[in-house]
Amino acid sequence: MAPTYPDWTRRHKICDVPPYVTDSDCRPIYKGETPRKFEFPTGLPMRTRVAAHKASDFYVGKYVQAVELMKKLPDEDPRNFTEQAKIHAAYCHSAYYMGKTDKAFKVHGGWFFLPWHRWYLYFYERILAKLLGDDTFALPFWNWDFEGGMTIPLMYMDHSFKNDISPLYDENRNPEHANAFVDLGYGKIKKPISSLSRENLIWKNYMIMFMQVVVLGASTRTFHGEKITETSSKCTCGAGTLEYMPHNTVHNWTGTVPTGKKDCDCPSKTCYGEDMGIFYSAARDPIFFAHHANVDRVWTLWKTQLDGKDYDDPDLLDTKFYFYDENAKFVEVRAGDAFDPEKLRYKYEDSPSPWLIRPIPWLMKPIAAAAIERAAQCTLPTLDLQTNPTFSGPVKLTVPRDPPSSTIKELLVIEGIRAQRNIAVKFDVFVQLDDCLAATPYVDTMPPEYAGTFVELPRGDNIDDPECGCGQSSVHTVISEVLGNLGVGQEEESIKCLCVFRSNNL
Ligand code: C2O
């Protein structure tokens, strides 16, 4: 295996977009330069990213001004707002080949996710700072993991900034969520989540954070997602626990409700969840950058508070990405150089993280960390929504275990999922449950059997195009603690799994 890079000199076909999206929507400017190697900034002051809900008027004024300036840059400037959004579209929708192979390079659904987005935000932030002539400028973060930050931050909702529409506002959002509390476990479900009291929703969000980041994400592989290399199969990928939820769920929650209609007649072309709810348009909504700043912040918490270990595989560390920097110079960065925010000269304002301290009564006792990982693994031939788009589950599985022992961290691996669709798909995985009814309390709470989630944003319609890969995915979680708390003994030779769908029946 070898580290890889997006080959920006060749044009791969754009994949997974709605029929009304063109190649140029996903193809940022590239002027043919040879990249220079990125150098860590010297003399840049340490910058603090602030919690958006607590930002001062002075800060908001500056940020608004910066985004306005970015929107006013000439079309041919790679730093302009539209071009910046296209960078994200390109890296999500296969605009580049992966190295010299015939596969597409994509940054979601695996180990590129966290480092790539850190670099993307870094340059975006440096461009805004440059436009302001203020090296201390740093992005805000949408603090959705803390009670005070669980709504769309005011600065992104303001329609009347200086009697004008704020450049931070985006009209392509779900109007029902404008003043709502965010549901980090969002998925289309029969019982509307709004029926939860605010208090219960906050508690449920804390449980979700705790489960995804502390319990199920307690290993490099399950937190960061699957390895993707030039030699790995064209088919397989699998996001880490943070990427599926809350990252994907918050995208789906913020964007419009997808209808999956090909002949989209609405003038603003919002049939696939635009803007935040589908990748090609996600970064057109300025809230994208605050959302990702918080994803990035949770990564720093996983490392500093939970002792999480990043991949140390040179195949990832030496992977290259390319960006235009704040001076519109084309630069090459290493994925591995993103692992230390200090070197990029930014940090996060402190904000309480109540979810770090075990908000779930039945999980009061942490299971001692075990060094060796071993997987209970299964492949799911039945979870194929591409050939069977109306399938809604549930799916029952019996997953054989390797003989477990207390010194082994046990992973649940569900592979072979073909669930990419033109609407959002979400299902939750429970262990040792027989029927869905028992899993329904998850709408309100989170039963002890909860063991993972799969969430996809809507995709376009060329999913089965062989040039676009086979769109197969997987879920990986650490389940030692869940099994321990359910009293599942080491003599059990298999684990019962139940996958319950939340969102594919629109
Ligand atoms: Cu590249 Cu939140 O997505």
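Start by selecting strand 12, residues 425–431: seven of its seven residues are buried, so the strand is largely enclosed by the rest of the structure. "Buried" here means under 20% relative accessible area, with exposed over 50% and partly exposed in between (1.4 Å probe, protein chains only). Strands and helices are DSSP runs (E, at least two residues, for strands; H or I, at least four, for helices), numbered from the N terminus.

Before going on, a word on the ground rules. This is a predicted model, in which local features need pLDDT of at least 70 and side-chain atom pairs count only at pLDDT 80 or more, while totals for chains, interfaces and linings use all residues. Residues are numbered from 1 along each chain as its sequence is written, and side-chain values use heavy atoms, with hydrogens and water left out.

Now show the side chains of strand 12. V425, F427, V429 and V431 point one way, K426, D428 and F430 point the other way, and all are buried. In a regular strand, side chains alternate between the two faces of the sheet.

Two strands pair if DSSP finds at least two bridges between them. Strand 13 (residues 450–456) pairs with strand 12 in the antiparallel sense over six bridges; look for V455, the bridge partner of K426. Strand 15 (residues 494–501) is also antiparallel to strand 12, over five bridges, and there C497 stands opposite V431.

Jump to another sheet: three strands in the order 5-3-8, open, with parallel pairing. Its edge strands are strand 5 (140–141) and strand 8 (346–348), each pairing on one side only. Strand 3 (residues 47–51) is joined to strand 5 by two bridges, and A51 has F141 as its bridge partner. While you're here, select R49, which lies over the face of Y346 at 3.7 Å from the ring centre. That label applies if NZ of Lys or CZ of Arg is within 6 Å of the ring centre and within 35 degrees of the ring normal.

Which residues have the most contacts inside the largest nonpolar core? Select Y63, W119, F321 and W355; the core has 149 residues. Helix 3 (residues 113–132) gives the largest share of this core, 13 residues. A nonpolar core is a set of buried Ala, Val, Leu, Ile, Met, Phe, Trp, Tyr and Cys residues joined through side-chain atoms within 4.5 Å. Zoom in on F321: not counting residues up to four places away in sequence, it touches residues including P6, Y91, F105, W116 and W119, with contact meaning heavy atoms within 4.5 Å.

For aromatic pairs, ring centres of Phe, Tyr and Trp (its six-membered ring) must lie within 6.5 Å; planes under 30 degrees apart are stacked, over 60 edge-to-face, and the rest tilted. That rule gives 43 aromatic pairs. Select W8 and Y30: their ring centres are 5.9 Å apart with planes at 85°, so the pair is edge-to-face. W8 counts as buried at 17% relative accessibility, whereas Y30 counts as partly exposed at 33%.

Two last stops. Y206 lies in helix 4 (residues 198–215) and is buried, with a relative accessible area of 8%; its C-alpha is 6.8 Å from that of D145, 61 residues apart along the chain. Finally, D77 sits in the loop between helix 1 (57–72) and helix 2 (81–92). D77 counts as buried at 12% relative accessibility, and leaving out residues up to four places away in sequence, D77 touches I29, E83 and A328.
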